[in-house]
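Please examine the structure below with a few questions in mind.

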Amino acid sequence: MTLSSAVWSALPAADPVAGSMAVTAMNASALRLTVVDAVLGILAHTRWPQRAAQPLQLCVNERSSSVLELRSLHDSVPPGKLAPVRLVDLADELPLDCDAVYLGAGPPAVEPLAQLIGRPVLSMGEGAEFCSRGGLFCLVPRSGGLRVEVNLDAVARSGLHVHPQVLKIGQPRPGATP
């Protein structure tokens, strides 16, 4: 069982605490965090305000380096949790039905962030610059996997409710090397 399937399986529809216990119970040092694991873990621990009980719509930049891994995300979670991933061209406006977006890296990835201001949309991208430009979660490559960084100000402004257990993965551990 992967980290992502364990997190989704452990989460009842409105109980982020159960998912955090499942992640805490795993030996985190033995897991290699992948883009798929990070994205699904973040999605599983986020709640949208006044949202009907329907599958989440994740929109992914069709030119992202992670598009191949992310396009099949729908198949790795329990039915009804995630709609089929929608590929988007960043040259166009982002669709209004995206609950979460994975924008990738570089200047093209940060340009659409302005479209998300005032909307409860979870934004994820690659590299620390993505967070410094207003993205919510940044996946930063490091030896042995990824480091997840969190823009706490952007999370607060988004109106989304992110379980604190996810916010902890974005903080450096005492004595850890980057």
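Q: Where is Q57 found?
A: In this predicted model, Q57 is found in the loop between β1 (46-47) and β2 (58-61).

Q: Why does Q57 count as buried?
A: Buried means under 20% relative accessible area. Q57 has 13% relative accessibility, and therefore it counts as buried.

Q: Which residues does Q57 touch, not counting residues up to four places away in sequence?
A: Q57 touches R51, A83, P84, V85, R86, D97, C98, D99 and A100.

Q: What makes β6 and β7 paired strands?
A: Two strands pair if there are at least two bridges between them. Strand β6 (residues 137-142) and β7 have six bridges, in the antiparallel sense, so they pair. In this pairing, C138 stands opposite E149 in β7.

Q: Why are β3 and β7 called edge strands?
A: The open sheet has six strands in the order β3-β2-β4-β5-β6-β7. Both β3 (86-88) and β7 (145-150) pair on one side only.

Q: How is helix α3 placed, covered or uncovered?
A: Helix α3 (residues 35-44) is mostly covered, with 10 of its 10 residues buried. The helix packs on the sheet, touching β2, β4, β5 (122-126), β6 and β7.

How values were computed:
Residues are numbered from 1 along each chain as its sequence is written. This is a predicted model: local features need pLDDT of at least 70, side-chain atom pairs count only at pLDDT 80 or more; totals for chains, interfaces and linings use all residues. Side-chain values use heavy atoms; hydrogens and water are left out. Buried means under 20% relative accessible area, exposed over 50%, partly exposed in between (1.4 Å probe, protein chains only). Helices (H or I, at least four residues) and strands (E, at least two) are DSSP runs, numbered from the N terminus. Contact means heavy atoms within 4.5 Å. Axes are lines fitted to C-alpha atoms, for helices over the stretch in contact, and angles run from 0 to 180 degrees between N-to-C directions.
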